[in-house]
Amino acid sequence: MEKIDPWGVSQIKNYQAMREQFGIDQFNFNLEGNRFSERSLLVGHRDFQLIKRAMERKEKFYAMTGLMPSGEMHLGNKAVMEMMIYFQRKGAELHIAVADLESYVTRDVDLESAKNIAIENFLLNYIAMGLKPCNFYFQSESFRIQKFANVLSKEVNMSEMKAIYGFEDSKKMLEINSPLIQASDILSPQIYGEPAPTIVPVGADQDPHIRLTRDISKRFSSLRIQDSKGTRISIGGKADAELAFSAAEKIMKKHGLAQITKNSKYRTLESPGRPSDQDAFNLDLVREEREFNPLATVPPSSAILRLETGIKGGKMSKSVPDSTISLNETPQEAGKKIMKALTGGRESVEEQKKLGGNPYNCPVFELYMYHLSESAADLKKVENECLSGTRLCGGCKKEASELMGEMLTSLKEKRESSRHLVKEFMDFGSK
Ligand code: TRP
Ligand code: SF4
């Protein structure tokens, strides 16, 4: 059993087991021009087909993430932002929450410092990486996020929070609330805008949040598709039965479903057939429900990133010293860490020349995979040279240090020339 604690330092060893245990699908999509997809670093998804579809048809979709404004932005945070920028280029409307309420309670960062950290350490790096203006807001300052967090809290009870997060009675109330504020972050673009698919790119340790948010989304919907050979929709909650029936019937007919039977007592509608395009049917149903239910949302989709290994092995995390590199670090500091990295090398140089190294169990190779190799060909070269024994760890680490240094220097230059753009993000749209 994999135990996943979004705030802890546990590692995930077996992604297949994780998928099975939590009902996550394998990521089999090819995202052209996306290095994480091309390098098999996406280890799972929930309903990603909705996002693929929206990208292909140029239909509306949202991309959402949040950042914890504590410490500096490091390599582990970079992958999620690259995914966000990828989706922005593919047409997504972006929302980025500064989880300052969460870091206030879990990391003891006061709200004033959080503001400074969020801008200096995170937003400037995002812009340097290529992020264009989008809704960048602070949880503590957003009335509408807090309002909806309260509204959705009505449908979540303590035993559920304990089952998902293992919360003990000693937990502070704000800590218990933070996943609910986060669920509000994720659903709010739809609540305050139109319903549409929402992609949340996450590290594998953040999946519990997505599960909770998807459940909450479903709880607030009145037209619920149930398991059945054909199509069966039940009218949930307090929805006005007549309104709901006619909305569901309209969409069933639109999708060619015939012989619809209505059961007023059990509040269900049934047809023996199935829509030929199930995803389109589900989306239409939510959109139609919006006409009478302002809280109808499409359950958010996720793309799950494999967790990067720390430079010295173990988890990569801000809270594990020297396990990662901050984007605001100097090339010298970063280089020192890389030279001390754990590798997949052999006991001796002779042995490595003869047998080759093991790039598949090497944090340095992961640096190339996640950050340093620009092209697939560059990465293949490192891999092949390592396997054949022509590449030795000393030189390999030195090359990695140099590439990392170039990356950090270029980010620094871009951060400095991006400062004037910060205001545009802070003033953007709705919050
Ligand atoms: N809890 C996230 C973290 O620890 C931050 C976060 C807040 C978030 N709101 C979000 C992530 C919404 C994804 C979506 O980094
Ligand atoms: Fe890792 Fe490079 Fe050594 Fe291969 S040569 S094991 S990739 S450090």
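Ligand 2 sits in the largest cavity of this predicted model. A cavity is a set of points, on a 1 Å grid over the protein atoms alone, where a 1.4 Å probe fits but cannot get out. A molecule sits in a cavity or pocket if more than half of its atoms lie within 2 Å of its grid points.

The residues around ligand 2, each with a heavy atom within 4 Å of it, include T343, Q352, F365, R391 and C396. By class, this shell holds seven nonpolar, four polar and one charged residues. Here Asp, Glu, Lys and Arg count as charged, Ala, Val, Leu, Ile, Met, Phe, Trp, Tyr, Cys and Pro as nonpolar, and the others, Gly among them, as polar. Helices α15 (363-372) and α17 (393-418) each supply at least two shell residues.

Now turn to ligand 1. Around ligand 1 lie M64, T65, G66, M68, A99, E102, Q182, D185, I186, V200 and Q206. Five are nonpolar, four polar and two charged.

Which side chains place a polar atom beside a nitrogen atom of ligand 1? In E102 the distance is 3.0 Å. For Q182 it is 2.6 Å, to a side-chain N or O atom. For D185 it is 2.8 Å, again to a side-chain N or O atom. The protein covers 88% of the 370 Å² of accessible area (Shrake-Rupley method, 1.4 Å probe) that ligand 1 has on its own. Strand β2 (62-67) and helix α9 (173-192) give two or more residues each to its shell.

Residues are numbered from 1 along each chain, and chains are lettered from A and ligands numbered from 1, in the order written. Local features need pLDDT of at least 70, side-chain atom pairs count only at pLDDT 80 or more, totals for chains, interfaces and linings use all residues, and side-chain values use heavy atoms, without hydrogens and water.

Notes
On a 1 Å grid over the protein atoms alone, a cavity is a set of points where a 1.4 Å probe fits but cannot get out, and a pocket is an open set with protein on both sides within 12 Å along at least five of seven lines; lining residues have an atom within 4 Å of a point. Helices (H or I, at least four residues) and strands (E, at least two) are DSSP runs, numbered from the N terminus. A polar contact is a pair of N or O atoms within 3.5 Å; within protein, one must be able to donate a hydrogen and the other to accept it, and residues adjacent in sequence count only if both atoms are side-chain atoms.
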